[in-house]
Amino acid sequence: MPTQPTDDELELIRQSGVALRVGRLSLSAGTGSYRVKSSMARIARALGIDRHQAHVTLTEITTTSYRGNSFRTEVTEVRSVGINADRLAELERLAGSLAHSGRRATVEEVSADLDRIESKPLLYRPAVNALWAAIACAAFAFLNNGGPVEMGAVFVGAWLGQLVRRELVHRGLNQFGITMVAAAVACLAYLGVVTLVHQLGATETRHAAGYISAVLFLIPGFPMVTGGLDLAKLDFSAGVARLSYALVVLTSAALAVWGVSMIAGLSPDPTGPPGFGPVVLMVLRLVASFVGVLGFALMFNSPGRMALAAAVVGMIANTARLILVDINVPAQAAAAGAALLVGVLAAVIAPRMGIPRITVSVPAVVIMVPGAAAYRAIFFLSNGDTTEALAYGVQAGLVVIALCIGLAVARMVSDREWAFER
């Protein structure tokens, strides 16, 4: 006959469930596998669990908790993949405070804190969240050599696209379908604005190339970067899953852009640089980089001070990257150097502000992700122009790899747990 669990085993079941809940909340907030495991392990130790092991992928967590001769294995699944920087910071503070206090925490105490964190509403309403995306994409349009007309049209398109995206996400629709719909809405809104400007006679051109910037809010920057960092930690199951997810999201958006392009007869050809002097151009790039990173950070539900820290770091690093590209440094080398700078600055700033490093480094790096090149690669591939598609695809891939390498090296030189395998 089966034996009844002892009181100690029942307590281990409760403690294991709380640790798993921490992992589920962390994973649903968008952090990498390494951080999910670290948060669960610290909470488990504070609860009195002797040893805690976990296997984490993009949507699943398998954990085993040990105490004495007893162990408990549990599995959970997270279907909603999103970004919530404020929740990441709250969970990091909870795990850090329990680890540093050295005292034994109870299941009731930790559960109450998790209830508070999970029930905390988003910092920004959908219309305001869409505003941050619009601001970021408008700044992106300038960095992609767009002018005032492109920036204004991108602002409108990105605002509507992100608003539709948020509404459909809350209704529980398939994420890849949502991405395609949001991309189509953003592109059509952009084209509507520039066509109206053209009809009013305010410009002689249709500004066709700028519409790619209107969908750059769909760049899966968090899974791209965290996937690369997971690979650097030899966590291939999580890293490959995250990069595969990012690739499918990017492809979904690009196919929608391609469809609108074919209907409207447009081609996403790159535009020439603006005719500013070097000093003016550098100042404008500093401003655009600051505003762009700030917009992306706020779109990720970052509190104001966290977003400002990311914006300052991104402003410095991205402007330095653009200067290196201007003096003919290879794009991937410039990206690696800029990402390394982001990682080092985040390692200095984030601990002093009491926030997770990833909430500073990822928004600062997202603005460097070559979204325009990736979209062009899929556009030309869909049109059967494999030569152009291969050129843009390799360019985008090398830059993304370089960004991940730069961040990984920065972690290795600033964090012993990354520099040494134990």
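**Domain contact and a nonpolar surface patch**

The side chains of lysine 37 and aspartate 235 meet in a salt bridge, with 3.0 Å from N to O; the term stands for a side-chain nitrogen of Lys or Arg within 4 Å of a carboxyl oxygen of Asp or Glu. The model is predicted, with local features needing pLDDT of at least 70 and side-chain atom pairs pLDDT 80 or more, while totals for chains, interfaces and linings use all residues. Residues are numbered from 1 along each chain as its sequence is written, and side-chain values use heavy atoms, without hydrogens and water.

The protein is divided into domain 1 (7-119) and domain 2 (126-419), with bounds from an automatic or database domain assignment. Their C-alpha centres are 32 Å apart. To the contact (heavy atoms within 4.5 Å), domain 1 gives 23 residues and domain 2 gives 25. One salt bridge is counted between the two domains.

The two domains bury about 1,800 Å² between them, 59% of it on carbon and sulfur atoms; buried area is the accessible area (1.4 Å probe) lost by two parts on being put together, summed over both. Tyr34, Leu58 and Ile83 supply 34% of the area that domain 1 buries against domain 2, more than any other three residues.

A nonpolar patch on the surface consists of Leu340, Val344, Val348, Ile401, Ile405, Val409, Met412 and Val413, together with about 630 Å² of accessible area. Patch residues have over 30% relative accessible area and no salt bridge, and nonpolar side chains (Val, Leu, Ile, Met, Phe, Trp, Tyr) are joined within 5 Å. Areas follow the Shrake-Rupley method with a 1.4 Å probe. H15 gives the largest share, five residues. Valine 413 lies in helix H15, helices being DSSP runs (H or I) of at least four residues, numbered from the N terminus.

How values were computed. Patches are made of residues with over 30% relative accessible area and no salt bridge: like charges are joined within 9 Å, nonpolar side chains (Val, Leu, Ile, Met, Phe, Trp, Tyr) within 5 Å. Helices (H or I, at least four residues) and strands (E, at least two) are DSSP runs, numbered from the N terminus.
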